[in-house]
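Trainee: I would like to learn how to read helix packing and cavities in a model. Where do we start?

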Amino acid sequence: MTLLVESIFIGIAVGLLAGALGIGGGILAIPVLVYLLGQDPHAATAESLVVVIVTAMAALPSRFKHRQVRLGTGIVFGLCSAAGAFAGTALNAFVDGDVMMYCFAALLLAVAVMMLRNGLKQRREENAALASGASEETLDEQADDHEQKLSWKKLPMFLLVGTFTGVMVGFFGIGGGFAMIPILVLIMGYSIRVAAGTSFIVIAVVSIISLLMRIGTPVQIDWMVALLFAAGSGIGSAVGSPLSNKARASTLTFIFVALLIAVAIYTAIVTAVL
C-alpha cells in the first residue's frame, strides 16, 4: 500500500515539472521508478512510457489554448521518430541495466550543455530588449518571429533527427521531450514555450508506439504502479503546464538545464553505488 501511495504523490511532483517544462516526464520517471520505487531498469523503461503518455496528453489542452503547439511539426517529427523507436526498443533488451543508466546520464549531460549555451544567449537578448523598453509579452512575440516553417526541403533533416529521437525514446523509455526541446529550439528556432508545447505531440505519438512494441515481450510491467504513477503525473502536468507562462523563456531554459544535470548526476552516482 505504501508503494502505491508513493507512486501517486511522486507522480504528481513529476507531472508538475514535466508539464511546466514541456517534457514527458521520462527523464524523471525512470530514476524514480528504479531507485525510489524499486523497479527493474528494463521494466521501468516500459512503465515510464505509460507515465509519459498520460503526462503529455494532460498538458496539451493548456498549450493549445495559449497557441504554443505547432501541430504539423509535432506530427511529422513524431511519425519520423517511429522507425527509430523500433530500433531503440529492440536494442534495449540486449543492454545491461547499469550500462543503460550510465548512457542515460551521459546523454542528459550532453543535452544540458547545448541548452545552457542557448539559454545564456537568450538571457542576453532578453536583457537587451528589456533595457530598450520592451515588455515581456513583446519578447515572446519577437521569439515567434524567428521560427522556421515546416517545409519539404527540411524533410531529410526531420527524418534524420526524428529517427535519432525515436531510438532514444525506444531505448531509454523516455518520451523524447528532453531531446525534442533542444532540437526545436536550436534547429527550428522555436521559443522554449512553443518547443515545449510541440514536443508533447511528438512525445504522445512515439511513446504510444514504443509501449505497444513492448507488449508480448519478456519485460514484466507492474501495471498498478505504472497507472497510479501516471494518474498522479497527469494531475500534476495539467496544473504545471499553465505555470510556464509566468516565467521568462530563459528562466525556463535554465530550470530545464538544472533538471537535466541533477538527474544525470543522481543517476550516475546511484548506479555506481548500487
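Trainee: By class, how many nonpolar, polar and charged residues does the lining of the largest cavity have?

Mentor: Keep in mind that this is a predicted model. To read a lining, sort its residues by class. Here the lining of the largest cavity has 6 nonpolar, 1 polar and 2 charged residues.

Trainee: Which residues line the largest cavity?

Mentor: The lining is made of A20, L21, R63, I192, R193, A196, S244, L252 and F256. Helix 1 (2-21), helix 9 and helix 11 (249-273) are the elements that each give two or more residues to it. Helix 9 supplies the largest share, 3 residues.

Trainee: How many cavities of 30 Å³ or more are there, and how much space lies in the largest cavity?

Mentor: The count comes to 2 cavities of 30 Å³ or more. The largest cavity holds about 50 Å³ of space.

Trainee: Now the helices. At what angle do helix 2 and helix 11 pack?

Mentor: For a pair of helices, look at the angle and the distance between the axes. Helix 2 and helix 11 pack at about 25°, and their axes are 10 Å apart. Angles under 35 degrees count as roughly parallel, and therefore helix 2 and helix 11 are roughly parallel to each other. Their crossing is left-handed.

Trainee: Which residues of helix 2 and helix 11 meet?

Mentor: On the helix 2 side they are I27, L28, P31, Y35 and L36; on the helix 11 side they are L259, L260, V263, Y266, T267, V270 and T271. By class, this contact has 10 nonpolar, 2 polar and no charged residues.

Trainee: Are helix 2 and helix 5 roughly parallel or roughly antiparallel?

Mentor: Again, begin with the angle. The axes of helix 2 (residues 26-36) and helix 5 (residues 97-131) cross at roughly 150° and come within 12 Å. That makes the two helices roughly antiparallel. The crossing of helix 2 and helix 5 is left-handed.

Trainee: What residues make the contact of helix 2 with helix 5?

Mentor: I27, I30, P31 and Y35 in helix 2 meet M101, F104 and L108 in helix 5. This contact divides into 7 nonpolar, no polar and no charged residues.

Trainee: How far apart are the axes of helix 3 and helix 9?

Mentor: The axes of helix 3 (residues 41-65) and helix 9 (residues 192-214) are 8 Å apart, and the packing angle is about 145°. Their crossing is left-handed.

Notes
Residues are numbered from 1 along each chain as its sequence is written. This is a predicted model: local features need pLDDT of at least 70, side-chain atom pairs count only at pLDDT 80 or more; totals for chains, interfaces and linings use all residues. Side-chain values use heavy atoms; hydrogens and water are left out. Axes are lines fitted to C-alpha atoms, for helices over the stretch in contact, and angles run from 0 to 180 degrees between N-to-C directions. Helices (H or I, at least four residues) and strands (E, at least two) are DSSP runs, numbered from the N terminus. A crossing is left-handed if the near helix is turned anticlockwise from the far one by less than a right angle, and right-handed if clockwise. Angles under 35 degrees count as roughly parallel, over 145 as roughly antiparallel, 65 to 115 as roughly perpendicular and the rest as oblique. Contact means heavy atoms within 4.5 Å. Ala, Val, Leu, Ile, Met, Phe, Trp, Tyr, Cys and Pro count as nonpolar, Asp, Glu, Lys and Arg as charged, and the others, Gly among them, as polar. On a 1 Å grid over the protein atoms alone, a cavity is a set of points where a 1.4 Å probe fits but cannot get out, and a pocket is an open set with protein on both sides within 12 Å along at least five of seven lines; lining residues have an atom within 4 Å of a point. Grid points are joined across faces, edges and corners, and a volume is the space filled by probe spheres set on the points.
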